[in-house]
Structure formats: structure tokens, C-alpha cells
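I set out to look through this model piece by piece, and these are my notes.

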Amino acid sequence: MSKQILSPLPGTFYRRPSPDQPAFKEVGDTVAVGDVIGLIEVMKSFNEVQADQAGTLTAFVAEDEEPVMAGQLLAELG
Amino acid sequence: MAITKLLVANRGEIAVRIIRAARELGLRTVQVHSAADADSLAVRMADEAVLIGPPMASKSYLNIANILAAAAETGADAVHPGYGFLAENADFADAVQAAGLVWIGPAGASIRVMGDKVAARAAALAAGVPVVPGSEGRIDDADRARAVATSIGFPVMIKAAAGGGGRGIRIAQDIDQLDRLFPQASAEAKAAFGDGGLYLEKVIERARHIEVQILGDGTRAIHLFERECSLQRRRQKVWEEAPSARLPQAMREKLCASAVALAEAVGYRGAGTLEYLYDDATGQFYFIEMNTRIQVEHPVTEMITGVDLVREMIRVCDGQALRHTQDDIRMTGHAIEVRICAEDPARNFQPGPGTITELIVPGGGGVRFDTMLYPGYQVPPFYDSLLGKLIVWDENRAAAITRMARALEELHVGGLPTTRSLHQLLARDPEVQAGDFHTRWLEPWLEQNAHRLEETKA
């Protein structure tokens, strides 16, 4: 069964630290526990999304710069 | 009024505030909104509402093309930008006017001059308004920096000419530090901005933030006295009052006269605010910048003068002459505003969007609550955390603080964290009560009072 990374907060999901920088992680990258895979902006405050499991990124389910709900699936690990 | 239908290009409490003013002027209103704001109070109140994009502000509230299309579609003939978003975007101001609409704000050219720190400083100097002592223009070599720093006095700030937003600022306490930091700052500015040019400014260490409200019709300007906003956290104002807690009358007259002079010198139209630092110890004041829009804290000025600033800015931008002379503007009593934000003071001001489960709004004499909340409203996570502004007026400052404490006690916002408990503690603080504070007072106070914020958590 695939492992899931869920959004800890409601807000806007970002895959990059800033618009002119590369994504934190791409599909196929290995992810360790505690790795940052994206940011959630809540009311102009930026919060890191850290992986709570290790694995290989198989898919981003949430799009970059899209609104997400708390608990929404962001990415899947294989 | 020449205009008949006003488009509100903003959201939240200020959109509600603008709709109220428009309605009192007999205007119809169009509220543009993102997909996240379809249930907002402003959308419910306005005569018409137009969806202009997804939740993200860059795709909706900052989307000039969609806002202009909404104006065309609804036949709106004026645009009010509120504060934030596009309010100080000169290109938007120009685009609104190019589309044949009335812009409720100053001309794009005025926004450009006052928005550029160096140009604004030059305009202030030309109008005889004191600015923070510093170098005249940029400095390229260390010898010149030493001479300027010695003449203005340490500590000095070394700033990048091409910088902004506080980036690349260094503070030198003495000549040795200046010698060491100047080349570093130059190299860093070159790397960050492609321009190693620097300038120096004196550090004003214990200053009050004092700002003067002005209204102009393009020819004549008047002031509506000052506000003091010295209680700040991370450069965000937390508690604002009018008049200042401590400004001497002679200084008030000088500051207000300088603000009118600068506003008239640039042919200012609309509502604007000139911000100053005021040093209690030396009695000096320094212009820092001008905000070319209505400000969040405008209600405290309305409470002490009785003038509706939003209505008046719409009138003058509609082409009418100012209805008031300077002598018409009288100041009575004292007003205080506190910002009620969806943030938890006990958890380092972590924001917390959510659904409003309960709302009890304070009332009684001299109390005003400007908000977009209603029971059942879902506060979206995509925008700033301001939920409302609690404003009180009373005969004097001490009575206003007592009334603020009473109003805060009545206020209940259920369903999310708010900054109410912070303001309750501030209202009880002896230094706040004495007006004994400056712009760097609140942050250390928050650290010292962290445990009390924990205990009073509502």
C-alpha cells in the first residue's frame, strides 16, 4: 500500500521555496523522514510540510499553488 | 455625484466599510471576489457581485484584467481599491483611468513619486519636511561614508540603494564597524541587486510612530490630526490611537502643517497618510514615507473628528472640491483601535482560519466594530488574518482605555483563535496606560509576558 503525505493545514500549497527556485522534491526523488516536500501558506504565514515516512515520491496529487484543505492528500510515496 | 456605481476591488472588512460609505452616498456597488469569498459579507451586501478568479490573490484580487472586465460587464464607473492588493499600484490606477473609470485614489504619477523611497524623500525635502538624517543620494566609497556617518552621528544604517523591504540593511555602531561593514554591504548589494550603491541613514532608536491623515482635492489639502501606532509586532501595527499618547501640541502643529505642505506640493487627491518617526528625547520628527490610500487604522481619526474619510475620498476623487476647510476640522476626545486577528498569541501568533461558531459584538456608547464576520462564516486561509477592528472613543485617553477593556470583555468570537487576549493584557499594562512606549517596545514585552498570554487564553 502506498504511503501518503497529507496537508497539516488548510491554505495554499507550494512545491517550491520561492517562484524562481526549483521544487523541493520531484517525482522519483527519495524522501527521508523530516524532508520538506512543500509549503502551506496560511494567512500569509508559511509552514513547511515534512514527510513523516520515508520512501520514493511516486506522485504529487495536489498541484503547485493550489488551495488545499487540512488533511487533503498532497503526495504519495512508494 | 458624477459617478453612480462603485466597484470594490478588495475584500474583508474594508470592502464592507467601502460599501457602507458608497451606499450613504447613493451609489450602487459591485463587489468583485475570488472563489473563496463567494459567501463573504461584502458579496452579500453589495448590489452585484462578480467572480474574478480562484482563491490565490495573484489570480483574483491582483488580476487587473479580470477586475476591469468586471467593471465593464456591470457598467461600474468608479473603482475603490481599499488597502493592500492593488491600492498602491500605479499601473492599476492608470489602467482604471485609461478604461474611462474614476479611480478612488491619487493619480498614478503621485503614487509613483511617493512610492519610491528616494523620490519621496526628495519631495519631502523640497517641501521643507524633515527626513531621517542621512546621505544625500548614494555613496560609493568608504571615505565618504566615514565623513557622512560622522556628521549625522552613530549608529547609522547602511542600506542598499537598489534594495527594499528591509533587505541588506546593516547597522554600524561606530567607525570601526562602519569600516568593516561598508565593503561587505557593498559586495552583498552588488550580488543581490546588481548594484553595489549604498546610502546611509541615522538610526532613530527610541521613536514613536506618528502619522498624519490628510485629504486633498488635487489643489488644496487639509490634515485631520495624527494617529500614533507605536505598538508594533514585526512592523505590523497592533494598537492604534488618535491623537498620539504623548505628542506635545507645538509638535502636533508642526507635523500636521508639514503634512499639508507636502500633500499640496505634490497636488495630492484623495486620502493619504504621511508617516513620521518622532523622537521623544530630542523632540525631533522625521518623515519616513507616505501611504497613498485609506489605511486600516483610519477609524480612530473618524472617531475624533467626525469626518467619514471613505466618503470624503470618494467625493474628491469624483471631482468635487474638499467640503471642509482646515478650521472645520476639530479634534474631540481620544480613540483607540485594536486589530482582532485570527492568530493565537499564546502560540507565537500562529494563524488559525476556521468557521465562526459564535459572535458577540460589543456595543454601548463610543464603541465601533468594523468586521466582515457573521455566525457561520468560514474564514478562508488564503488572505491576511484580520477579522475586525475594535474601535472605542471616549472623552480622554484614560477613559478610552477603560472603555476598550470593557468592550474587549464583551467581545466573543468563537471557532478560531483571536488576538483579543493580547489586547486585554495591553489595556491593563501600566506603561501602555501611561503612553510610555516606542516602536520597539512591544516585541520584548511579548517575550516577557508570554506566560501571561498563555494564562489569559480565551
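This is a predicted model: local features need pLDDT of at least 70, side-chain atom pairs count only at pLDDT 80 or more; totals for chains, interfaces and linings use all residues.

**Entry 1: a helix pair.** Before looking at handedness I wrote down the convention: a crossing is right-handed if the near helix is turned clockwise from the far one by less than a right angle, and left-handed if anticlockwise. With that in hand, I looked at H1(B) and H11(B), and their crossing is right-handed. Two packed helices are described by the angle between their axes and the distance between the axes. On the H1(B) side the contact uses Arg17(B), Ile18(B), Ala21(B) and Glu24(B), and H11(B) brings Leu309(B), Val310(B), Arg311(B) and Ile314(B). I sorted these contact residues into 5 nonpolar and 3 charged, with no polar ones.

**Entry 2: the cores.** In soluble globular proteins, nonpolar side chains tend to be buried together. Here I found a largest nonpolar core of 91 residues. Ile37(A), Trp239(B), Ile314(B), Leu373(B), Leu390(B) and Leu426(B) have the most contacts inside this core. Helix H1 (residues 12–24) of chain B is its biggest contributor, giving 7 residues. I also noted a second, separate core of 25 residues, with Val212(B), Leu255(B), Tyr268(B) and Phe285(B) among them.

Entry 3: How many residues of helix H13 (residues 420–428) of chain B are buried? I got 8 of 9, so I wrote H13(B) down as mostly covered. The buried ones include Arg420(B), His423(B) and Gln424(B), as well as Leu422(B) and Leu426(B). Next I went to Val238(B), which sits in strand E11 (residues 236–242) of chain B. Is Val238(B) buried or exposed? Its relative accessible area is 11%, and the cut-off for buried is under 20%, so Val238(B) counts as buried. Beyond residues up to four places away in sequence, Val238(B) touches Leu422(B), His423(B) and Leu426(B), among others. Leu442(B) is also one of its contacts; the two C-alpha atoms are 9.2 Å apart, although 204 residues separate them along the chain.

**Entry 4: where the chains meet.** I counted 15 residues from chain B and 13 residues from chain A in the contact. The buried area between the two chains is about 1100 Å², and carbon and sulfur atoms give 67% of that.

Entry 5: I found a cis peptide bond from Phe154(B) to Pro155(B), with omega near -5°. Pro155(B) lies in the loop between helix H7 (142–152) and strand E6 (156–160) of chain B. Ala242(B) and Pro243(B) are also joined by a cis peptide bond, with omega about -5°. Met43(A) has phi near 50° and is buried, at 5% relative accessible area. Asn348(B) has phi near 55° and counts as exposed, at 57% relative accessibility.

Technical notes:
Residues are numbered from 1 along each chain as its sequence is written. Chains are lettered from A and ligands numbered from 1 in the order in which they are written. Side-chain values use heavy atoms; hydrogens and water are left out. A nonpolar core is a set of buried Ala, Val, Leu, Ile, Met, Phe, Trp, Tyr and Cys residues joined through side-chain atoms within 4.5 Å. Buried means under 20% relative accessible area, exposed over 50%, partly exposed in between (1.4 Å probe, protein chains only). Helices (H or I, at least four residues) and strands (E, at least two) are DSSP runs, numbered from the N terminus. Contact means heavy atoms within 4.5 Å. Ala, Val, Leu, Ile, Met, Phe, Trp, Tyr, Cys and Pro count as nonpolar, Asp, Glu, Lys and Arg as charged, and the others, Gly among them, as polar. Buried area is the accessible area (1.4 Å probe) that two parts lose on being put together, summed over both.
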